[in-house]
Amino acid sequence: MNMAADFAMVLPEEILSAAAILLMLVAAWGGQQVTRLVSIVSVFVLFGAGIALLGPASYGGSAFSGLFRADAFAAFCKVLIYGASAVAIIMAPDFFGRTSGDDLRPEYPILILLSAIGSGMMVSAGDLLTLYVGLELQSLSAYVLASFMRRDSRSGEAGLKYFVLGALASGILLYGISLVYGFSGSTLFADIAQAYAGGRSPGLLFGLVFIFAGIAFKLAAVPFHMWTPDVYEGAPTPVTAFFASAQKVSAMAMGIRVAVEAMGPALADWRQIVIFASMASIILGAVGAIGQQNIKRLLAYSSINNVGFTLVGLAAGTAQGVSAVLFYLTIYVVMTLGSFLVVLQMRDADGQQLETMASLSGLSRTRPGLALAMAMFMFSLAGIPPLLGFNAKLAVFDAAVQAGLFPLAVIGFAASVIGAYYYLRVVKVMYFDEPAHSFAPGDRVEGGLIALSAAFVSPLGWLLLAPLGAWTLTAAQSLF
Amino acid sequence: MIQAIAFYLFAAVVVISAALTISSRNPVHSVMWLILAFFNGAGLMVLVGAEFIAMLLVIVYVGAVAVLFLFVVMMLDIEVAEVRAGVARYFGFGLLIAAALFAEIVFYAYGAVGTGSLQLAQRVAPINNAVPNINAIGQLLYTRYIFIFEAAGLVLLVAMIGAIVLTHRERGGTRYQNISRQNARRPEDATRNTQPTVGQGVQL
């Protein structure tokens with residue numbers, strides 16, 4: 001085992017860690033004034049880490065005697081995570097500039113960087129220990145980020161709620177890990193897979209159930225979703241966008257890795273859990289969103305709903321299914337970040353942030369461009385062709401049908417019709433209600449990002465379908 | 001034989017003190033029972049040959065965590081009666097969950113041991129008795145698990161940053177002690193020697 005080769009494979013993590021520590025020192029001595037500098041450097045560092053993925057980090061194989069996996073799957077997920085983290089940093093100054101007294105502090109981008117390191121460890125875990133430490137690194141940063149607005153009681157509540165329930169979920173996950181370790185004698189995914197292939201014991205089965213419950217909590221899949229609406233509503237909007245994008249990708253990728261690499265031979269056992277969580281999430285996400293008046297809560301239910309659809313792909317348990325999940329996640333991340341960027345533009349003439357659905361009314365007349373972008377994100381989330389959200393849903397349903405899960409695909413399809421109702425309600429409010437507010441003009445960078453995301457989900461995005469499909473398939477095949 | 005007696009002694013005290021931790025009326029007593037539970041847990045660890053973990057349990061949990069608990073409990077003004085009311089309200093539900101968990105444990109222990117898929121005397125991951133615990137842990141921690149060890153360091157860094165971000169705020173108008181200024185101050189800067197004549201007093 002060559003140490004230099006190992007360290008070459010974790011180059012993105014090294015870049016991020018070194019940058020986070022150095023920037024922390026800059027922040028400690030520079031104070032409040034260096035916030036802008038730290039934010040800009042953090043975004044470039046995330047880009048640098050993304051470029052480092054071109055090296056051995058994407059094809060190196062196993063590092064640190066199997067603890068860490070550097071393959072195409074990990075690299076693909078890390079691209080999404082780093083991208084979403086960068087957007088979360090870019091979104092922040094504008095938002096915090098308008099809150100009453102809660103300034104953006106240089107710790108914000110640093111915590112996002114640390115969270116990105118944790119997410120990276122989760123997606124390239126080859127061992128339950130790596131997975132758990134990565135998860136804790138990511139979650140601990142997330143708890144702090146959720147309550148970053150200290151003067152806002154809702155933000156504090158969100159952080160505390162997330163912390164307590166997250167600790168419970170970690171406990172459940174650890175209990176599962178200890179059972180699996182006890183009955184298989186190893187925490188390495190490869191050895192665990194052998195133990196599962198060797199025959200079923202109740203201990204391994206219980207471990208599997210607990211581990212999947214922990215993962216479902218991190219994913220916010222029903223029945224472990226109850227924290228999502230409160231946390232998403234209370235957390236600062238850029239942080240919510242980060243939770244709904246980067247964290248979803250890392251939790252989902254972690255789930256896929258555990259399911260396929262560690263528990264692949266127990267497909268029949270975990271498939272039942274995944275199918276239940278998937279159906280319940282799709283239905284509850286769609287029904288729960290109907291009564292919501294707060295746009296952030298609505299998007300929280302939408303994220304639960306979308307997790308359900310990605311789980312349909314995982315339930316297939318094939319390379320095609322995993323590739324469909326990655327494809328779905330890519331499009332979902334773009335749609336979600338776009339929607340949250342639009343939510344960030346919702347502020348009245350005094351610059352106060354608005355979050356109610358009613359404040360969107362008549363947006364088509366006051367800000368036609370913004371309304372068009374939001375309408376496209378909503379149509380795309382509802383899965384209406386020719387927008388890209390349709391292709392994503394098609395891919396997961398196709399994978400499920402190929403794997404013989406026809407009833408699941410039918411239920412998912414039916415529930416997506418219910419889901420379409422509340423997405424379309426947003427469009428109706430924007431286009432057919434009388435204008436209520438005139439929004440203050442927005443930031444140019446954010447406008448550009450919205451336009452870019454809207455172009456991606458528009459039929460223009462079809463040009464990207466072929467390369468994206470090929471890339472997700474390569475990534476998925478590296479697991480099987 | 002003596003091992004079995006020691007095991008049942010420690011185990012019984014752990015269970016009893018854990019029950020008393022959650023049922024005693026005074027929170028300070030609860031913490032004390034918790035400390036007793038930790039000590040007996042350490043005894044169990046010694047019995048299975050994990051002396052390092054036993055020491056950690058005493059030093060870290062009893063020495064630091066439990067004492068911290070004690071501080072917090074003494075500083076907080078907990079209304080025991082209010083907490084009791086909550087317990088009474090959720091007693092049925094809690095009992096239901098406890099019963100479900102207990103049934104699961106019994107079912108699973110029966111399934112595992114009864115069907116012979118679990119041999120209690122046999123370890124899946126055998127340990128090398130020739131190497132002391134602390135050597136074995138150190139060797140693994142700094143070679144094979146170095147990556148996770150470093151990542152755990154980052155987790156602690158996040159905890160530190162988080163604590164400062166969430167609680168530290170600049171207070172205006174606070175006077176800080178400036179030690180170098182205090183040390184640099186000489187008697188002649190602060191005192192004056194005068195020789196007042198009788199009946200005149202001192203002009204300040």
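## Chain A overall

Chain A has 20 helices and two strands, counted as DSSP runs numbered from the N terminus (H or I of at least four residues for helices, E of at least two for strands). The radius of gyration of chain A, taken over C-alpha atoms, is 21 Å, close to the 23 Å that the globule rule gives for 480 residues, so chain A is as compact as a globular protein of that length. That rule is 2.2 Å times the number of residues to the power 0.38.

Along its principal axes, the C-alpha trace of chain A spans about 65 × 55 × 40 Å. Of its 480 residues, 64% count as buried (under 20% relative accessible area; exposed is over 50%, partly exposed in between, with a 1.4 Å probe and protein chains only).

## What you're looking at

This is a predicted model, where local features need pLDDT of at least 70 and side-chain atom pairs count only at pLDDT 80 or more. Residues are numbered from 1 along each chain as its sequence is written, and chains are lettered from A.

## A nonpolar patch on chain B

Val67(B), Leu68(B), Phe71(B), Val72(B), Met75(B) and Leu76(B) make up a nonpolar surface patch with about 620 Å² of accessible area together. Patch members have over 30% relative accessible area and no salt bridge; nonpolar side chains are joined within 5 Å, like charges within 9 Å. A salt bridge here is a side-chain nitrogen of Lys or Arg within 4 Å of a carboxyl oxygen of Asp or Glu.

Leu68(B) sits in helix H3 (residues 51-75) of chain B and is exposed, at 56% relative accessible area.

## A positive patch across A and B

Arg150(A), Arg151(A), Arg169(B) and Arg171(B) form a positive surface patch. Arg171(B) lies in the loop between helix H6 (146-167) and helix H7 (179-184) of chain B, and is exposed, with a relative accessible area of 54%.

Key
Side-chain values use heavy atoms; hydrogens and water are left out. Accessible areas come from the Shrake-Rupley method with a 1.4 Å probe; for residues, only the protein chains shown count as cover. Lys and Arg count as positive and Asp and Glu as negative; His and the chain ends are not counted. The place of a charge is taken as NZ of Lys, CZ of Arg, CG of Asp or CD of Glu.
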